[in-house]
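Please work through each task before reading its solution.

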Amino acid sequence: MDLEVLISEAEIQRRVRELAAEISRDYAQADELILVGVLKGAFIFLADLSRCLTIPRSIEFMAVSSYDNGDQESSAVRLVMDLRKNIEGKHVLVVEDIVDTGRTLNFLGELLAARKPESVKTCALVRKPDRARVETEIDYLGFEIPDAWVVGYGLDYDEQNRTLPYIASINPAS
Ligand code: PRP
């Protein structure tokens with residue numbers, strides 16, 4: 001399959017450092033920031049981002065699954081794996097590799113907000129604005145990308161290419 005690099009390793013690493021610096025500044029007064037990675041795709045971004053932060057932080061994970069019933073417009077998100085930690089009164093940052101329709105991030109934002117944290121914000125490495133189906137607030141965004149199938153840096157095609165150090169578009173038909 002043909003791969004075309006969209007965001008190089010150097011560009012990703014530079015942007016991750018910028019986002020980490022911004023987040024570190026914004027939470028400089030917080031006792032702790034709980035980073036919630038959304039499995040599986042966010043694991044590499046979360047690993048790099050968390051190691052660049054200069055504030056007290058802890059790592060948690062959640063997993064969700066999407067059902068589209070063959071119909072993109074009515075797809076729904078279901079929780080598959082929950083947090084192990086009570087987030088009441090804590091600062092929470094949801095970390096995603098990609099925001100596509102926006103449904104996953106909205107679902108998680110509402111779910112976590114109901115648990116009475118001190119704050120819930122969102123961070124995503126990439127977003128496809130052309131694919132948005134619901135309005136989504138992304139507090140920290142790495143890059144906007146075109147509506148192509150993308151792999152690398154956590155993103156997969158049929159579980160392949162997740163560990164590439166860059167993000168590339170892929171043409172599954174080629
Ligand atoms: C991807 C990504 C987000 C979600 C975004 O996960 O990691 O969680 O899709 O899509 P949305 O904005 O349309 O809701 P995916 O379902 O591919 O699972 P994976 O992370 O395990 O690969």
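**Exercise 1.** Determine which polar contacts the ligand makes through its oxygen atoms, a polar contact being a pair of N or O atoms within 3.5 Å.

*Solution.* Begin with Thr101: an N or O atom in its side chain is 2.5 Å from an oxygen atom of the ligand. Next, take the backbone: a polar backbone atom of Asp100 is 2.8 Å from a ligand oxygen atom, and one of Gly41 is 2.9 Å from a ligand oxygen atom. The model is predicted: local features need pLDDT of at least 70, side-chain atom pairs count only at pLDDT 80 or more, and totals for chains, interfaces and linings use all residues. Residues are numbered from 1 along each chain as its sequence is written, and side-chain values use heavy atoms, with hydrogens and water left out.

**Exercise 2.** Describe the shell around the ligand by residue class and by element.

*Solution.* First, count: 14 residues surround the ligand (a heavy atom within 4 Å). By class, three are nonpolar, four polar and seven charged. Then assign elements, which are DSSP runs (helices H or I, at least four residues; strands E, at least two). β5 (91–99) and α3 (103–113) each give two or more residues, and β5 gives the most, with four.

**Exercise 3.** Classify the ring pair of Phe45 and Tyr153.

*Solution.* Rings of Phe, Tyr and Trp (its six-membered ring) pair if their centres lie within 6.5 Å; planes under 30 degrees apart are stacked, over 60 edge-to-face and the rest tilted. For Phe45 and Tyr153, the centres are 6.5 Å apart and the planes at 55°, so the pair is tilted.

Definitions and conventions. Polar contact = N/O pair within 3.5 Å; in protein donor to acceptor, adjacent residues only side chain to side chain. Nonpolar A, V, L, I, M, F, W, Y, C, P; charged D, E, K, R; others polar.
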